[in-house]
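These are my notebook entries on a single protein model. I record below what I looked up, entry by entry.

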Amino acid sequence: MTRIVCLLLTNELQAHAALLQVALAHSPRAEDAGAGCIYLDASGLQSLFGDDARLAERLRDAAFAVGLAIRVGVAASRLGALAAARLGAGVTVVEPGGDAVSLATAPLALLTLSEPLATRLSRWGLRTLGELAALPTAGLFERAGAEGVQAQRLARGEDPRPLASWRPVPAFEESVECEWGLETLEPVVERLSELATQLCGRLGARGLAADGFEWVCRLAGGRAHEGALTPAVPLTEAAAVTGLLRLALEARPPRGIVEGLTLRARPTRAGAVQESLTDPSGPSPRFLAATMNRLVALVGSDRIGAPALLDSHRPDAVGLGAYASPSPRRGEGRVRAPVLALRRLRPPAPAAVTLASGRPVAMRSSRLAGRIVAGVGPWRSSGEWWTTQPWLQDEWDVELADGTLCRLAHDGSAWHIAGIYD
């Protein structure tokens, strides 16, 4: 008989790791559900801790002993245990076979649903799990597909998926001691290359890649020289990693005799990407990393990165950030609705604009010129008024006689073309 216990922190700001240790101290199978929620398998624990009520009380007391206030729910399914813990007070035990009845009045929000399915169920007027469980399964499948049927099974207290047992994340770290000390950069790079080979071998054996590396050079006198790098794509090839490490150390070498080295890798599971049959194939990670190495050597590591929006309302406030790991493309083969995109000009192109009754009627610039046949605006935006360089501008979206769509901006002293739509 399956029995699932849900441990739920009453304050999510408390230590989640401590709650996980409480669960593992009572059951070898515990699932980390995140957000202060842990499930553990209580099947067969009666001979050790007594019945469900005694086990729940023991878990609550163990959590209290380490400074955690929790609610405990026991049921035959994850959702039943979660509802018991979230909606009950202190300790709540659902008797075997009673999950469907206990879930009937629980809110539909307990289920983790996709946005389309959640919207559809809301439009149908469903508010509780009991209302979802009472729907005809065949009709639900016709209208909501397999996801709807799966949600209904959970609402009925059916939980076929076994617990995903928690396992500690393996530490991908290698170290080496340099007994005689390293005084020049080349032997340091050679030792790091050996460590990178070991790390990449361990990552590859687990089907993982690394999207970040950190290193520590332990120097004479107890000092340390630390650094980190983020490759453009997750890597498992030691040669590419060594090239990046060499460039990083050449840009900022350790100042002193190196007595020890540590190299850490941040593991990630890069999803397989289904390439399109019509698009050209992308470059291999090794060639891309080699190209990035050359670019870093030419312009510096602080000038290489992916565009990232800055936390500002200033138009075109863009900086450089770390590259994101590639993710599988979805929706291939679907017909997408056309999207009107604004291609910003960097820098904006100066323009001479003719006004009539305060509205632009014609413009002339090195990029575009013509009569304005339609326009909407102005939209005024401003910001950073608390600094010594505040900004303010009015923007118009206009259409020229030849059909070109563009955005004009006036900063109080001059007009310019901020971007062109395509």
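Entry 1: I began with Leu 295, which lies in helix H11, residues 285–299. The model is a predicted one. Is Leu 295 buried, exposed or partly exposed? Its relative accessible area is 35%, so I list Leu 295 as partly exposed, the class between the 20% and 50% limits. I then looked for nonpolar neighbours on the surface. Leu 295, Leu 298 and Val 299 make up a nonpolar surface patch. Together these three residues have about 280 Å² of accessible area.

**Entry 2: the whole protein.** I next noted the totals. I find 11 helices and 17 strands in the protein. Of its 422 residues, 36% are buried. The protein exposes about 24400 Å², and 54% of this is supplied by carbon and sulfur atoms. I also looked up the contacts between residues at least 6 apart in sequence: 58% of them join residues at least 24 apart.

**Entry 3: helix H9.** I checked the length of H9, which runs over residues 185–205. Which residues of H9 are buried? I list Val 188, Val 189, Leu 192, Leu 195, Ala 196, Leu 199, Cys 200 and Leu 203. They cover an arc of only 140° around the axis, which places them on the same side of H9. I recall that an α-helix has 3.6 residues a turn, so residues three or four places apart point the same way.

I then looked up what the buried residues of H9 pack against. Their partners are strand E6 (173–182), strand E7 (209–219), helix H10 (238–251) and strand E9 (258–268). Just after H9, I noted that Gly 207 has a positive phi of about 70°.

**Entry 4: helix H10.** The buried residues of H10 are Ala 238, Ala 240, Val 241, Thr 242, Leu 244, Leu 245, Leu 247 and Leu 249.

**Entry 5: backbone exceptions.** Most residues other than glycine have a negative phi, and most peptide bonds are trans. I therefore looked for departures from both rules. Where are cis peptide bonds found? One joins Arg 346 and Pro 347, with omega of about 0°. Pro 347 belongs to strand E12, residues 342–356. Another cis peptide bond joins Gly 377 and Pro 378, with omega of about 5°, and Pro 378 is placed in strand E14.

As to phi, Ser 357 is not a glycine, yet its phi is positive, at about 60°. Ser 357 sits in the loop between E12 and E13. I class Ser 357 as exposed because its relative accessible area is 81%, and the class begins over 50%.

**Entry 6: a loop serine.** Last, I looked up Ser 366, in the loop between strand E13 (359–365) and strand E14 (369–383). Is Ser 366 buried or exposed? Its relative accessibility is 70%, so Ser 366 counts as exposed. I also recorded its separation from Ala 349. Ser 366 and Ala 349 are 17 residues apart in sequence, and their C-alpha atoms are 7.5 Å apart in space.

Conventions:
Residues numbered from 1 in each chain as written. Predicted model: local features only at pLDDT ≥ 70, side-chain atom pairs only at ≥ 80, totals over all residues. Heavy atoms only, no water. Helix = DSSP H or I, 4+ residues; strand = E, 2+ residues; numbered from the N terminus. Expected span 1.5 Å × (residues − 1). Buried < 20%, exposed > 50% of the residue type's maximum accessible area, 1.4 Å probe, protein only. Arc of directions from axis to C-beta. Contact = heavy atoms within 4.5 Å. Patch = residues over 30% accessible without salt bridge, like charges linked within 9 Å, V, L, I, M, F, W, Y side chains within 5 Å. Areas by Shrake-Rupley, 256 points an atom, 1.4 Å probe, with all protein chains shown as cover. Salt bridge = Lys/Arg side-chain N within 4 Å of Asp/Glu carboxyl O.
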